[in-house]
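Student: I have a model open and would like to learn how to read its features. Can we go through it step by step?

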2 protein chains.
Amino acid sequence: MTKKNAFYAQSGGVTAVINASAAGVIEAARQHHDTIGTVYAGRDGIVGALTEDLIDTSAETDETIAALRHTPAGAFGSARYKLKSLEENRAQYERLIEVFKAHNIGYFFYNGGGDSADTCEKISHLSDEMGYPIQAIHIPKTMDNDLPHTDCSPGFGSVAKYTAVSIREAGFDLHSMCKTSTKVFILEVMGRHAGWTAAAGGLAAEVEGDAPHILLFPEIEFDRAKFLAKVDATVKAHGFCTIVASEGVEVANDRDDRDIDAFGHVQLGGVAPTLAELIKKELGYKYHYAIADYLMRAARHIASATDVEQAYAVGRAAVEYAVAGKSGVMVTIDRQNDAPYEWTIGEAPLSEVANVEKFMPRNFISDDGFHITDAARRYLKPLIAGESYPPYVDGLPDYARLTLAPVAKKLGTSFEV
Amino acid sequence: MTKKNAFYAQSGGVTAVINASAAGVIEAARQHHDTIGTVYAGRDGIVGALTEDLIDTSAETDETIAALRHTPAGAFGSARYKLKSLEENRAQYERLIEVFKAHNIGYFFYNGGGDSADTCEKISHLSDEMGYPIQAIHIPKTMDNDLPHTDCSPGFGSVAKYTAVSIREAGFDLHSMCKTSTKVFILEVMGRHAGWTAAAGGLAAEVEGDAPHILLFPEIEFDRAKFLAKVDATVKAHGFCTIVASEGVEVANDRDDRDIDAFGHVQLGGVAPTLAELIKKELGYKYHYAIADYLMRAARHIASATDVEQAYAVGRAAVEYAVAGKSGVMVTIDRQNDAPYEWTIGEAPLSEVANVEKFMPRNFISDDGFHITDAARRYLKPLIAGESYPPYVDGLPDYARLTLAPVAKKLGTSFEV
C-alpha cells in the first residue's frame with residue numbers, strides 16, 4: 001500500500017465532544033504512520049479543502065492532541081456549508097479531488113451529521129470515477145441524535161446530560177420558591193425537528209412530582225388546551241410546573257419570518273417565551289424561562305463520560321477502517337445491552353445514512369404525549385452516564401489552544417466558496 | 001444561659017450554595033447542643049414562621065445535613081415575602097415573636113439578601129422591646145453580590161463561575177463556526193441592577209480575541225451607536241463577537257409592561273433578544289442568544305469551591321456568634337489578601353447592611369464601559385476558584401431529599417400572609 005496523507009474535517013454544528021473524535025483520528029493515524037502520512041485538517045471544515053486552506057496537525061504536540069479530548073467545539077473550525085448535488089455543481093467535487101491529489105491525500109475523514117454523510121458518499125464515488133480513489137469514511141456527530149444505523153450520535157449524550165442536570169437543578173429552585181414566587185419554568189432546548197434532547201431531560205424525573213413535569217416534543221402535535229390543562233393540574237398538585245420544550249415545537253403559526261440557514265434549515269427558537277406568555281395569559285401563573293441555545297452543545301464542563309469515550313472511539317475506528325481498506329461507510333455505535341450498557345463499533349453504508357433523519361420512536365413517548373416511557377429511559381440512561389471533567393486553571397476549564405499551522409499551497413488556483 | 005431553640009429561614013432567590021449555609025448552621029448547632037436545643041426551619045422561609053409551619057431539622061440524619069453542602073436551591077423552601085415596615089404592619093412582627101415564644105426559640109438565623117437583613121434587624125429590636133429578647137443573626141446570601149460590608153455574598157461565586165465557564169465554552173463554539181455561520185452570540189445573565197455577574201463573565205477573556213468581547217453593565221448607560229460600532233469592529237477583527245449582557249441593562253424604553261414581584265422589583269429579562277434584533281437589523285450579522293435565568297443560580301454542578309466553603313463558613317459562624325451572645329449583626333467575609341486569596345469571618349451591624357445595595361466600583365469597568373479592568377480581575381478571580389462537584393448516580397447529581405418533618409403547632413391561631 002502506498003503511503004498517503006489523510007484529510008480530516010469537522011462539519012455542521014459543533015458539540016462538546018467532536019474534538020474527542022479529532023483526537024481519535026489523529027492519535028490512531030500517528031500510530032499507523034507506516035500507512036498514513038500527515039493528517040491535514042480543513043480550516044473551517046470542508047471550506048478549507050475547497051480553498052486549499054489546510055492545517056498541518058503534525059505541528060501539534062501529542063499533549064495538545066490529547067487535550068482535544070476535553071476541549072469543546074471544533075478546534076479546526078467547522079462549517080455550515082452544504083455541497084450542491086453533483087448535477088448542480090460538479091466543479092465543487094472535482095475541486096476537492098484536485099486539492100486531495102495535490103497533497104497526496106488518500107483518506108477523507110468527515111466528521112458530521114446527515115449532510116456530511118451525503119458529501120462523504122459523493123466523494124467516495126466520484127474519486128473512483130475520476131481515477132483517483134479516495135477512501136472516504138464518515139465519523140458520526142450530531143447533538144440532534146438523528147443519524148440512523150447507530151445507537152446514538154456522539155455529541156448527543158452530552159447535551160442529554162446537560163439538559164437532565166439543568167432541569168433537575170431548576171426543579172429544585174422552583175420547588176424552593178413556588179409558594180410565593182415563580183410557579184412555571186420552561187427550558188427551551190435545541191435539537192431541531194427531533195425531540196431527543198427534550199426526552200433526555202425527562203431522565204431527571206425519577207419519582208412522582210420531580211422535575212421535569214412536562215416535555216414538549218416536535219413529534220407530537222401541540223394541543224393548546226391539553227397543554228394548559230396539564231400545566232394547571234401540575235401546579236395544583238405539586239405547587240409548580242417545569243417544562244422542557246424542544247425548539248422545534250410548533251406552538252404558534254405566526255412564525256413565517258424565521259431565518260433560513262445555509263443548509264436550508266429554518267432558524268428555530270422562541271418557543272419558551274411564546275409558551276410563557278400563553279401560560280401567563282390563560283392561567284395567570286408567574287413564569288421564568290431559560291434558553292440554553294449554544295450553551296448546551298458547548299458544555300464540555302458537564303459532558304457525559306460515555307459520550308466522550310464513544311466520540312473518541314469512532315474517530316479511532318475511522319482510521320482503523322481506512323487502514324483495513326474500507327470506504328463509503330459511516331462508523332456506528334452498536335448497542336449490545338442496555339444495563340449494563342455494552343456497545344461495539346460497527347459500520348453502515350453511507351448510501352443508507354445520507355439525508356435520513358431518525359426520529360423518536362412513538363413508544364418512547366408516553367400516551368399523553370408529555371413525557372417519556374420506560375423504553376426511552378432504558379435507551380437514554382446509559383448515554384448520560386459518567387462524568388468527564390476537564391482540567392481547571394484559576395477556576396476556569398483549561399481548553400486546548402492549537403497552533404493551527406497552515407500547509408503551503410500547491411495549486412496556483414483559487415476557488416470561490 | 002438557658003437553653004433555647006433556634007429558628008432558621010431562607011429568604012429570597014435561592015442559590016447553588018444557600019443549603020451549604022443551612023448545613024453550617026445545623027451542624028454547628030448540633031455541636032452546641034448544651035446551648036442550642038432544636039433547630040426549627042421555616043417552611044417556605046419566613047412564611048413558615050408567620051403561619052407556625054415549622055420543620056424539625058432534628059429529624060434529618062447527619063448524612064442528609066452533610067449532603068446539603070452539595071445540594072442547590074432552598075431545601076426548606078424560601079420566600080419572596082417582604083415584611084412591611086413596623087409602622088405599616090406591627091402585627092407581623094408581633095406574630096413572629098409570638099410563634100418564637102411558643103416554641104421557646106431564642107435564636108433567629110435569617111439567610112438572605114438586603115431585604116432579609118432589614119427584617120432581621122427589626123426582629124432584633126422589637127423582641128427586646130417586647131421583653132422576649134431574640135438573638136437575630138443575618139447570614140448573607142445573594143447571587144447578585146450586592147450586600148455591603150462583606151467581600152462577597154455567598155451564592156455569587158458560583159453564578160460567577162457558571163457565567164465565566166459558559167461564555168468561554170460558547171466562545172469556543174462561535175470561533176469554530178463563524179466563518180460560515182453565527183457571528184454574534186449574546187448570553188443574558190441575571191443580577192438585577194448590579195453588573196457583578198456580567199463582570200465575572202469577563203474573567204474568561206484572558207488573551208486578545210478571547211470571549212467575551214463585550215460586557216454590558218447596568219451601571220453604564222447603554223449607547224446604541226457605540227455598542228453597534230464595537231460589535232462590528234469585533235466581528236471584523238476576530239470573525240465573531242460574544243457578549244454577556246446583564247438583565248438590568250436598559251436597551252429600549254418600551255418595556256413598561258414588565259411584571260413587578262413581591263418585593264416591588266421589576267421582573268427583568270428580554271435584553272438578549274432585543275440586542276440580537278438590533279444587531280441583525282443594523283449590522284446584518286447572524287446571531288444566537290442564550291438566556292441563563294434560573295439555570296445559573298441553581299447550577300450546583302459547576303459551583304465554585306470557594307463559594308461553597310464560604311457559604312458553609314458563614315452558616316457556622318452565625319451559630320458561633322449567637323452562642324457568644326451577639327445579635328443584630330450580619331456575618332461577613334473579610335478579604336485579607338487577593339493572591340493567594342485569604343479571608344476571615346467578621347461581622348457588620350445590620351443597621352448598616354439593611355436595604356443598602358453595593359454596586360460595581362467604576363474602576364472595575366474599563367474606560368470604554370465594555371469590559372472589566374485588572375482591579376476587577378483581582379477581586380473576582382479568587383471567587384470562582386476551585387471545583388466542588390456533587391456526587392452522581394446514573395449520570396445525574398444526587399441531591400439531598402429531606403424528610404421535612406412538621407413541628408406540632410402550639411398556638412391555636414392562624415395568621416394570614
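This is a predicted model: local features need pLDDT of at least 70, side-chain atom pairs count only at pLDDT 80 or more; totals for chains, interfaces and linings use all residues.

Student: Why do the copies meet through the same surface?

Tutor: Compare the interface residues of the two chains. Of those in chain B, 100% are also interface residues in chain A, so the surface is the same.

Student: How many residues does each chain give to the contact?

Tutor: Chain B gives 72 residues, and chain A gives 72 residues. Together the chains bury about 6000 Å². Carbon and sulfur atoms carry 58% of that area.

Student: Which residues of chain B lose the most area to chain A?

Tutor: Glu169(B), Tyr294(B) and Leu396(B). Together they make up 12% of what that side buries.

Student: How many salt bridges are counted between chain B and chain A?

Tutor: Six. One salt bridge joins the side chains of Arg297(A) and Asp173(B), at 2.7 Å from N to O.

Student: Now the helices. What describes two packed helices?

Tutor: Two values do: the angle between the axes and the distance between them. Start with H4(B), residues 90-102, and H5(B), residues 114-129. Their axes are 10 Å apart, and the packing angle is about 75°. H4(B) and H5(B) are therefore roughly perpendicular to each other.

Student: Which residues of H4(B) and H5(B) meet?

Tutor: From H4(B) come Arg90(B), Tyr93(B), Glu94(B), Leu96(B), Ile97(B) and Phe100(B). From H5(B) come Lys122(B), Ile123(B), Leu126(B), Ser127(B) and Glu129(B). By class, this contact has six nonpolar, one polar and four charged residues.

Student: At what angle do the axes of H8(B) and H9(B) cross?

Tutor: Roughly 75°, and the axes come within 11 Å. H8(B) covers residues 224-238, and H9(B) covers residues 271-283. These helices are therefore roughly perpendicular to each other. H8(B) contributes Arg224(B), Phe227(B), Leu228(B), Val231(B) and Asp232(B) to the contact. H9(B) contributes Leu275(B), Leu278(B), Ile279(B), Glu282(B) and Leu283(B).

Student: How do the residues of this contact between H8(B) and H9(B) divide by class?

Tutor: Seven are nonpolar, three are charged and none is polar.

Key: Residues are numbered from 1 along each chain as its sequence is written. Chains are lettered from A and ligands numbered from 1 in the order in which they are written. Side-chain values use heavy atoms; hydrogens and water are left out. Contact means heavy atoms within 4.5 Å. Axes are lines fitted to C-alpha atoms, for helices over the stretch in contact, and angles run from 0 to 180 degrees between N-to-C directions. Helices (H or I, at least four residues) and strands (E, at least two) are DSSP runs, numbered from the N terminus. Angles under 35 degrees count as roughly parallel, over 145 as roughly antiparallel, 65 to 115 as roughly perpendicular and the rest as oblique. Ala, Val, Leu, Ile, Met, Phe, Trp, Tyr, Cys and Pro count as nonpolar, Asp, Glu, Lys and Arg as charged, and the others, Gly among them, as polar. Buried area is the accessible area (1.4 Å probe) that two parts lose on being put together, summed over both. A salt bridge is a side-chain nitrogen of Lys or Arg within 4 Å of a carboxyl oxygen of Asp or Glu.
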